[in-house]
Amino acid sequence: MSCLFPWYGDLRDFVVQRCRSMGWPSVESLAGAVMLLHIVVCPFTKVEESFNIQATHDILYHGIHIKQYDHLEFPGVVPRTFLGPLVLAMTTAPAVYLCQFLNVSKFISQYIVRTALGLYVLAALSVFGNAIKYRFGPDLKRWMFLITATQFHFMFYMSRPLPNTFALILVLLALAAWIKQNHGQFLWISGAAIIIFRSELAVYLGLILAAEVFSKRLTITALLKHVIPAGIILIGLTVVVDSFFWRRWLWPEGEVLWFNTIENQSSKWGTEPFAWYFTSALPRALSMSAFLVPMGIILNPHLRPLLVPAIGYVLLYSNLPHKELRFIIYVVPIFNVVAAAGVSKIWANRSKSCFKRLVALVAVAHILGNIMSTTIFLFVSHQNYPGGQAMQKFHQLEKPYRAVYLHIDVPAAQTGVTRFTQINPKWKYDKTENLMPGSQEMLEFSHIFVGNDDILQFYQATHSVIAKIDSYDRLRVDVRSFPPITVKTKPNIWILKRNLHVKSS
């Protein structure tokens, strides 16, 4: 194992040392605590995470009974791989089965699954950090972790069951291998990230590969020696596993690549201007640390080989009109390394003059700015899952022994409802789409989640509103009040109950 994947030894030693000491190193422990805080504050998931969270649930609770799986009824726009959910399910199965044995709420299993995913990312980030420590020194690793832990988006995405998050694990390991010049490891892990999870990573990891070949640090012979068997094995793995679960022959990421790139269908979900990643996504992801990146690269020009492929990837990927921050989340650790290098050098030189001491204080104080922006982002995100909050509220309102037949509409299903939130095995939950509001079909349900106030008029005579769930609307800034920033919400999901006099068919 260690011959083929040299990082395995690092990862194994990391786990063994933690088990022996019953604790994490300080910087990892900080990142782990922040990751857990994000899970507790925002436990629900959105539509982009739907496939992976539902697939993990179904593997855990339905096993080989594929006909009961959610994806066969709601396949989504494009198929996704089951390999990520399969690993998550295998990892968390003992804890989930123990919860079942103790008759603990099924929703606790969603916490367990997301925590396991976050720990996978954390372990990969630790391997990446150790590579930075190996190449550039321990101070850079410590500052990089501190900066990362105080930014919102990377910590938020660590536990999100997105294809990007599964790919992020492999990208961090691949970057660590590249930094240590372990080319075989880099090629195999990069192949897994591209072929199984996110095909667009061929741009980012391909730029790194091109630089290695051009500089003659990697020969064409050595490249082909790894790429050919890796391609055959990895494509074979995903085709065999995913064809079993999808009940047809397919290569999921191949279909995603065709849909998003060749057909350019992703633009249906919104478009952004070419420079959006540089003017909006990266500044938000890096927070106050964005100001330190130029300084870091000026003071540490030896870091340019790390930063150039990251900038090149974002620049090339900007050509696709549909843009989301999660598509470039892989470059955030690299930018943070450069920012950390700037802080580290400024801090090391702080005693040389009063001016440098002041500059060092400002550089370190940017961490407080990161924490403040993270607090706002986290509070806003907490208000962004009305579907999940509706499910939570609904199970509190209705007695568990009552006969309940609940219809969950699309807005609710897209903002937090998963099979993990369906905690009462005696109730019936339905997500059938395109049913006519107020129709006889809708009268079959004892309760309805409605995510559009225009539809409420169809139920005025037949249903009563038993609860409404507010969600984020906008931020309001008023410097005359304290705190000067407040979050405004508005009703988003209405929970309706069929009146007693209304009869179903």
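A residue is called buried when its relative accessible area is under 20%, exposed when that area is over 50%, and partly exposed in between. The structure described here is a predicted model.

Under these limits Tyr405 is partly exposed, because its relative accessible area is 24%. Phe445 has a relative accessible area of 4% and is therefore buried.

Tyr405 is part of strand E1 (residues 405-408), and Phe445 is in the loop between helix H21 (440-443) and strand E3 (447-450), so the pair ties together parts that are 40 residues apart in sequence. Ring pairs also link a cluster made up of Tyr204, Trp276, Tyr277, Tyr313, Tyr317, Phe327 and Tyr330.

Lysine residues were also found over aromatic faces. The face of Tyr405 carries Lys428 over it, at 4.2 Å from the ring centre. Lys106 lies over the face of Tyr61, at 5.1 Å from the ring centre.

Zero disulfides were found in a search of the whole structure. As for individual cysteines, Cys99 counts as buried because its relative accessibility is 12%. Cys354, with a relative accessible area of 63%, is exposed.

One cavity of 30 Å³ or more is present in the structure. The largest cavity holds about 50 Å³ of space. Its lining consists of Asn52, Arg80, Thr81, Gly84, Pro85, Pro163, Phe166, Ile196 and Phe197. At least two residues of this lining come from each of H5, helix H9 (163-179) and helix H10 (183-197). By residue class, the lining of the largest cavity comprises five nonpolar, three polar and one charged.

The largest pocket contains about 1,300 Å³ of space. A total of 44 residues line the largest pocket, and Val47, Glu48, Gly76, Val77 and Val78 are those that lie nearest its centre. Two or more lining residues of the largest pocket are given by each of H3, H4, helix H13 (252-262), helix H16 (304-317) and helix H20 (410-413). Of the elements, H3 gives the most to this lining, with six residues. The lining of the largest pocket divides into 21 nonpolar, 11 polar and 12 charged residues.

Ser373 is located in helix H18 (residues 354-382). Its relative accessibility is 16%, so Ser373 counts as buried. From Ser373 to Asp470 the separation is 97 residues in sequence and 23 Å in space, C-alpha to C-alpha. His38 is placed in helix H2 (residues 26-41). With 1% relative accessibility, His38 counts as buried. His38 and Leu168 stand 130 residues apart in sequence, and their C-alpha atoms are 18 Å apart in space.

Positive phi values were found at residues other than glycine. Gln181 has a positive phi, near 60°. Gln181 is placed in the loop between H9 and H10, and its relative accessible area of 32% makes it partly exposed. Ser287 likewise has a positive phi, near 55°. Ser287 lies in the loop between helix H14 (276-286) and helix H15 (292-299). Ser287 is buried, because its relative accessible area is 12%.

Technical notes:
Residues numbered from 1 in each chain as written. Predicted model: local features only at pLDDT ≥ 70, side-chain atom pairs only at ≥ 80, totals over all residues. Heavy atoms only, no water. Helix = DSSP H or I, 4+ residues; strand = E, 2+ residues; numbered from the N terminus. Buried < 20%, exposed > 50% of the residue type's maximum accessible area, 1.4 Å probe, protein only. Phe/Tyr/Trp six-rings, centres within 6.5 Å; stacked < 30°, edge-to-face > 60°. Lys NZ or Arg CZ within 6 Å of the ring centre and 35° of its normal. Disulfide = S-S within 2.5 Å. 1 Å grid on protein atoms, 1.4 Å probe; cavity = no way out; pocket = protein on both sides within 12 Å on 5 of 7 lines; lining within 4 Å. Points joined across faces, edges and corners; volume = space filled by probe spheres on them. Nonpolar A, V, L, I, M, F, W, Y, C, P; charged D, E, K, R; others polar.
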